[in-house]
Protein chains: 2
Amino acid sequence: MQMNRSTRRTRNVITINDVARLAGVSPMTVSRVVNDEKNVRESTREAVLLAVRELNYVPNLAARNLASAEHVRIGVIYSNPSAAYLSEFLVGVLDESAGKGAELLLVKCEASNPDAERISVQRLIDSAVTGVVLPPPLSESDTVREALQAAGIATVGVATGRFRSDLSCVRVDDRAAAEDMTRYLLDLGHRRIGFIKGHPNQTASAERLTGFRAALRHAPDAKAEVVQGYFTFPSGLEAAERLLDAEVRPTAIFASNDDMAAAVVSVAHRRGLDVPRDLTVVGFDDTSISTTLWPALTTVRQPVSAMAAAAIDLLLRETRAAKDGRTPEPTDVIVPHTLVERQSSSPPRPA
Amino acid sequence: MQMNRSTRRTRNVITINDVARLAGVSPMTVSRVVNDEKNVRESTREAVLLAVRELNYVPNLAARNLASAEHVRIGVIYSNPSAAYLSEFLVGVLDESAGKGAELLLVKCEASNPDAERISVQRLIDSAVTGVVLPPPLSESDTVREALQAAGIATVGVATGRFRSDLSCVRVDDRAAAEDMTRYLLDLGHRRIGFIKGHPNQTASAERLTGFRAALRHAPDAKAEVVQGYFTFPSGLEAAERLLDAEVRPTAIFASNDDMAAAVVSVAHRRGLDVPRDLTVVGFDDTSISTTLWPALTTVRQPVSAMAAAAIDLLLRETRAAKDGRTPEPTDVIVPHTLVERQSSSPPRPA
DNA sequence: GAATTGTGAGCGCTCACAATT
DNA sequence: GAATTGTGAGCGCTCACAATT
């Protein structure tokens, strides 16, 4: 017999009790299933999940936070990569954590400065974060990784060039992506191709170069010229000058990121070269500069927001598992890249 | 006599009950004071606030969210302003809302497209946001403002050039800031000054121009050349070419934002001009590009993160007041700007 | 009557343990 | 004994109302 409901505001929201009733179990069992805990019989789990789906149940995060011992607080240490990258990254981080009730703590940090890095990590530790997400370039900082590992804090790196067995990461396959782009240039008919490398402190730089070289192996008649860059616009200017000063100019230049590709376009225009008629220019990342520019850049799209979101998701999964006494193996999440063809590329002009 | 505490995890955290006990009132009274409700005697309020401060009480947001009828969800509609601006803005929004338990909902929107703007607003309304923060340039969109007002959603605009009586805003005094910068150039000794205007769809553009002109009125011997820009790097390139093509070149160029100032530096270098020896270049905003560049830009610092944080704070205050039945007057929050002197400015070369 | 303060219950979940298989 | 499920209380706040000034 149903008691008269209290006079309180009626919320017509599905709760854990509704799910429990439908599944014929206790609310605690529903809680176990929803939180992916072990020691739930498979048939029970399925019954609960069925009820969850049927009722479209979404756990109340406020209640979970209040009832559970600790709060999920995720730290993000960011340095000054391309601002375009950071804003896309933050959008992804936000979108994912907002819905999961995780608190975010952002800490700025000068990159390539071990002292500053250690201080940033310490600040996160002092703030009792449960996990940390590292966007590039800090995702490859030994200092940061070691300090976090020493403190036993779950960490996920984003956009590292390679997977390493002691750090979960979310990345694209940089090598395959660079290979795809190079093959695209070869298919257009280019045979003299300049390549601008990324910063040597990031493994993605080497991977992209490897991919570039791998594609060229299938075109023995092609000539490659490789110069160093550092992912910045100014370094791209300098690299472009070097490549375009060659006696026989390349007909295409592949820059390891969009900022440097934008610099190549800038230098080309200064020299009176039409892009793409006289020079094809392609980039990597698909950050906002690639469409701000004229001509818009052909580039490799890294789904930055989705990667950030995936990193948060992975981190939450790992911290939850850790709380449950399991120590999850570091995971290597590879997300698909896409080649985005825009106006900065075309077949070379017939000689 | 103290009962044996439950076997449950002991949290040694200050709660509303601790404050109530110390202040000699009921928890509900503490709740009223903390939430800034009316109908609390002034002496009671003071006693409670004293206890809050003494114990360093911070309300548990999860408990508040669970107990109170509705959730605070703040929408942010962003378009594609400078990426550097957006990332700073998001950092501020995040820092402020994380600590206040507000959920954030980001919606991207193509600017200057009324249909897209209406769709974005509708998405926020459908998601039951309690308030909306508008970064530029959407903070000045009539479409967006009207749609939100029609839906009765509290809104705060950021970095609008002027205050209007129907919209709370957080901004710097653009006119005064531009006047300061211009006076700085005059004090350095410049008498031929180029000015690149911002996009005409933002009131800040006009304010900055007004400030520039106001400062020049005190230097009757100075000559000004004003050209149109649109806040983008390419528009800055074009404007710089126009200014530097003049028979008598300006010795200083004041661009209405950093992106355009960076473009001016780029054009100057292309023409073999040394910055600042041959040409002083100054910007506005102090976004990350101003220090990435060489020489680093002298510019006006807008504390973007702090402004975003202030906007969130103001919004929370307004929605809370509205819940309490009060209709707060739109507020005009002006935050201080600062002139940041770096390497791109110097006295003009003696003729 | 209006302004101010307090009371008891309840928001939706998870804890620690107990009970069952 | 181990694996699985349930029980009762409690997390820290605010609601609706009642009681007091």
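Predicted model: local features only at pLDDT ≥ 70, side-chain atom pairs only at ≥ 80, totals over all residues.
What span should the 16 residues of helix α5 of chain A have at 1.5 Å a residue, and how far apart are its end C-alpha atoms?

Residues are numbered from 1 along each chain as its sequence is written, chains are lettered from A and ligands numbered from 1 in the order in which they are written.

**View 1. Helix α5 of chain A, end to end.** Helix α5(A) covers residues 83-98 and should span 22 Å, which agrees with its end C-alpha atoms being 22 Å apart. (The expected span is 1.5 Å times one less than the number of residues; helices are DSSP runs of H or I with at least four residues, strands are runs of E with at least two, and both are numbered from the N terminus.) Of its 16 residues, 15 are buried (under 20% relative accessible area, with exposed over 50% and partly exposed in between, using a 1.4 Å probe and protein chains only).

**View 2. The two chains together.** The same surface serves both copies, as 96% of the contact residues of chain A recur in chain B (contact means heavy atoms within 4.5 Å).

**View 3. The open sheet of chain B.** Six strands with parallel pairing follow the order β2-β1-β3-β4-β5-β11 (two strands pair if DSSP finds at least two bridges between them). At the edges are β2(B) (103-108) and β11(B) (332-334), each pairing on one side only. From one strand to the next, the twist averages 20°. Helix α5(A) lies across β1(B) and β2(B), at about 135° to β2(B) (axes are lines fitted to C-alpha atoms, for helices over the stretch in contact, and angles run from 0 to 180 degrees between N-to-C directions).

**View 4. Strand β5 of chain A, covered on both faces.** S168(A) and V170(A) on one side, and C169(A) and R171(A) on the other, are all buried. Three bridges join β5(A) to the parallel strand β11(A), where R171(A) stands opposite I334(A).

Note on methods:
Heavy atoms only, no water.
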